[in-house]
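Open the model in your viewer and keep the selection tool at hand. This tour tells you what to select next and what is there.

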Amino acid sequence: MEFWNLCLKMLAQAVSSADYERWISALNCQEWDKENKVLVLSHPNLMLLNTIEKNFGSSIQGIVNTLAGQPVSISYQAEVSKEEPSITIDDKGQGELFPDEKVIDSVKDEGENKSIGLLPALTFENFVEGPSNSLAFAATRRVAECPGTNYNPLFIYGGVGLGKTHLMHAVGNKMLKHNPNCRILCVSAQNFMNDFTTAVRENTYDQFNNKYHNVDALFIDDVQYLCGDKRQIQNKLFEAFEKLVPYGKQIIFTSDTYARSLKAMDERLISRFTSGLSVEVEPPELETRAMILQKKAMASHFDLPDDVAFFIAKHLKSNVRELEGALQRLMAYHMFQSKGQVTVEMAREALHSILISSTAQLTVERIQGVVAEYFKISLADMYSKRRLKSIVVPRQIAMYLCKELTKSSLPDIGDRFGKRDHTTVLHAVQKITAERKTDSDLNYKIHVLEQMLKN
Ligand code: ADP
Ligand code: MG
């Protein structure tokens, strides 16, 4: 298991040596499927496995992804023994990890709290506040101080990897600090749905209700997954809401978009989502990004000079998870090269492939040029009003690629395609998106173009 051994080496750097000895080194790699990027880790003791996943799951995930060069699906399994049935825990690491009653009991036996699903590593202390998240930060802190009062429910929304889940867990961890007996249930929408499916299948609604109604705080991550033709589960959420909020029990939701724009969601739920406070998290600005890198580096005892932090922060703009990935990669590179002081040059080498994809100057003009050349039409036809099919299709493909690969807005793109209206661009984007799915020839051509543009 060479791959896992490499991961272990990295992990030894990323966590304290005590943690490494006590927790990480005891993990066994059951399976590493390189093709499908699946890693199965195991431990003889289920309880400890849960603890390891809760506390170190994100470090493990980060390092495994870095070394694999792609996202890996990790699953944690107890090693099968005669006394204990084996159980698989999903790889999201965010949700309710112990669906099994027995497990919850044994947690209590160990004198731990009555909360479920909180990741202790996600705290306010290791969250970097900046203008992009200051409102969400203030609101979550306030909720942690006085849960169930002013901002109930709290609805946190924003793009991926911007700290929604982190803030939600931070509230729970803080509440627990004030009141260790507090019953907090923190689950992903997916877990909520799975629990409900189980209740339906096994006719155990009481157990379901008991779990979701008898808590002091309920946190549901990524509620957008409850959208769609899922009336029953939406009803269940509504019911939980009615059982908790009027009684001063705090609810927090996170979502990838603001409540009003959730499609195919029960109107009653939307009105409940917005009845408390909604706060947005936005992509962090340069200084905040650099500070996040510094803080993460410090936590891993990695010496990251300011100029290197700024160099990475300048190039990776879209989300924090991406920053974390870059840092992990740099740490791995530094360790394997053992080149002493970390420098901008080293970061450039280590992050070569990440930086290329995000910094290559992909402009509307460059895309127009490459597409025109590929389809052997003149560049002028990108701007012209000619309606020949042999010109219209390449033009639409170019518009589609501009939307996909640059940050330009629809009106902006329209402007640069001979002052066309943004609705024309939108139409092109929708058309190509749809046709790409069914027309394999078109799909192939676009794929080739994407590769040409990215290199
Ligand atoms: P989201 O739920 O919005 O998709 P997460 O909360 O999972 O994002 O954040 C992604 C990663 O980035 C996590 O590891 C989280 O700890 C980290 N992160 C996000 N924002 C910050 C921040 N402001 N300070 C420190 N870490 C952050
Ligand atoms: Mg999240």
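**Stop 1: a hidden loop residue**

Select Ile 24, which counts as buried because its relative accessibility is 0%. Buried means under 20% relative accessible area, exposed over 50%, and partly exposed in between, with a 1.4 Å probe and protein chains only. This is a predicted model, where local features need pLDDT of at least 70, side-chain atom pairs count only at pLDDT 80 or more, and totals for chains, interfaces and linings use all residues. Residues are numbered from 1 along each chain as its sequence is written, chains are lettered from A and ligands numbered from 1 in the order in which they are written, and side-chain values use heavy atoms, with hydrogens and water left out.

Ile 24 sits in the loop between helix 2 (17–22) and strand 1 (28–33). Helices (H or I, at least four residues) and strands (E, at least two) are DSSP runs, numbered from the N terminus.

**Stop 2: the ligand**

Select ligand 1. Which residues come nearest to it, of the 18 around it? They are Gly 161, Thr 165, His 166, Arg 321 and Glu 324. Here a residue is near a molecule or strand if one of its heavy atoms lies within 4 Å of it.

Next, show the polar contacts: pairs of N or O atoms within 3.5 Å; within protein, one must be able to donate a hydrogen and the other to accept it, and residues adjacent in sequence count only if both atoms are side-chain atoms.

- Lys 164: a polar side-chain atom lies 2.8 Å from an oxygen atom of ligand 1.
- Lys 296: a polar side-chain atom lies 3.0 Å from a nitrogen atom of ligand 1.
- Glu 324: a side-chain N or O atom is 2.7 Å from an oxygen atom of ligand 1.

Helix 6 (164–178), helix 11 (286–299) and helix 13 (320–337) each give two or more residues to the shell around ligand 1.

**Stop 3: along helix 6**

Stay on helix 6 and pick Asn 173. Asn 173 counts as buried because its relative accessibility is 15%. A polar atom of its side chain lies 2.9 Å from the backbone oxygen of Leu 119.

**Stop 4: the core**

Select Phe 192, Leu 218, Ile 220, Leu 226, Phe 253 and Phe 273. Of the 33 residues in the largest nonpolar core, these touch the most other members. A nonpolar core is a set of buried Ala, Val, Leu, Ile, Met, Phe, Trp, Tyr and Cys residues joined through side-chain atoms within 4.5 Å. Helix 9 gives the largest share of this core, 6 residues.

**Stop 5**

Most residues other than glycine have a negative phi, and most peptide bonds are trans. Look for exceptions.

Go to Pro 153, in the loop between helix 5 (134–145) and strand 5. The peptide bond from Asn 152 to Pro 153 is cis, with omega near 0°.

Move to Asp 222, in the loop between strand 7 and helix 9. Its phi is positive, near 60°.

Then pick His 301, in the loop between helix 11 and helix 12 (306–315). Its phi is also positive, about 55°. Is His 301 buried or exposed? His 301 counts as exposed because its relative accessibility is 66%.

**Last stop: helix 16**

Select Val 364, Ile 367, Gln 368, Val 370, Val 371 and Ala 372: these residues of helix 16 are buried.
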